[in-house]
Amino acid sequence: MDFSIARRLMVEQQIVRRGVKDPRVIQAMLRVPRHLFVEEALWSQAYSDFPLPIGERQTISQPFMVAYMTEALQLTGTEKVLEIGTGSGYQAAVLAQLASRVYSVERLAELARRARRTLDQLACRNVNIKLSDGTIGWEDEAPFDGIMVTAGAPDIPSEYLDQLAIGGRLVIPVGNRTSQVLKRVIRVGLDRFSEENLLDCRFVPLVGQRGWKEEEV
Ligand code: SAH
């Protein structure tokens, strides 16, 4: 299987056709070898139009969702970005192509370890991974120009709003445990935020102090 051809088809048929336009996002989706972020038995499905299991009952998001959320952050290359839910590390690798530094938090040790190994293999040196509860953000590294949450939250933790730079963008799925609305919040002033609903989505739950309780999921 020629993965670069699979990637090109993925970008044309799933991403550009559905309206993603940012040429830098398209380039990043063409460049990052998504198959390396899943186990070898799933390589033939790595560029298909659905999420895939990555172990520990978690999933790597559908390619379109990765591209769409990335575009929603409106990155130009100079930004400091926080991702919550490292998972496989794929989304972090895409962000690493488009921002200056990526800080990514994962609560499950095995996933954090594997993501680090994959990102090292690909020489993604501008990604920092922390094993921790990401529902409280990453205060020591704030403020962030972009925050992307890749797990579904019951509501928006105030920590994320506090850790956004002025002009910064937060993209987060908010809803119940099985379905959410993807929201974008822009910090337009010190105490002023604008919020819009982007689309309906389905993420695994954000589990932690400001998310769902472990026994609820
Ligand atoms: N962005 C990932 C996919 C994320 S799946 C990728 O590209 O592969 C959601 C991830 O969020 C899972 O790995 C899950 O363990 C993690 N997660 C859930 N709650 C979390 C929390 N409070 N802090 C950090 N990570 C969390």
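Start with the second largest pocket, which has a volume of about 230 Å³. A pocket here, on a 1 Å grid over the protein atoms alone, is an open set of points where a 1.4 Å probe fits, with protein on both sides within 12 Å along at least five of seven lines; lining residues have an atom within 4 Å of a point. Volume is the space filled by probe spheres set on the points, which are joined across faces, edges and corners.

Select Leu 36, Phe 37, Val 38, Glu 39 and Arg 114: of the 15 lining residues, these are the closest to the centre of the second largest pocket. Next, colour strand S1 (52-55) and helix H5 (109-121), the elements that give two or more residues to this lining. Helices (H or I, at least four residues) and strands (E, at least two) are DSSP runs, numbered from the N terminus. H5 gives the most, with 6 residues.

This is a predicted model: local features need pLDDT of at least 70, side-chain atom pairs count only at pLDDT 80 or more, and totals for chains, interfaces and linings use all residues. Residues are numbered from 1 along each chain as its sequence is written, and side-chain values use heavy atoms, leaving out hydrogens and water.

Now move to the largest pocket, with a volume of about 720 Å³. Of its 37 lining residues, select Gln 58, Thr 150, Ala 151, Val 204 and Pro 205, the closest to its centre. Finally, highlight strand S2 (58-60), which gives the most to the lining of the largest pocket, with 3 residues.
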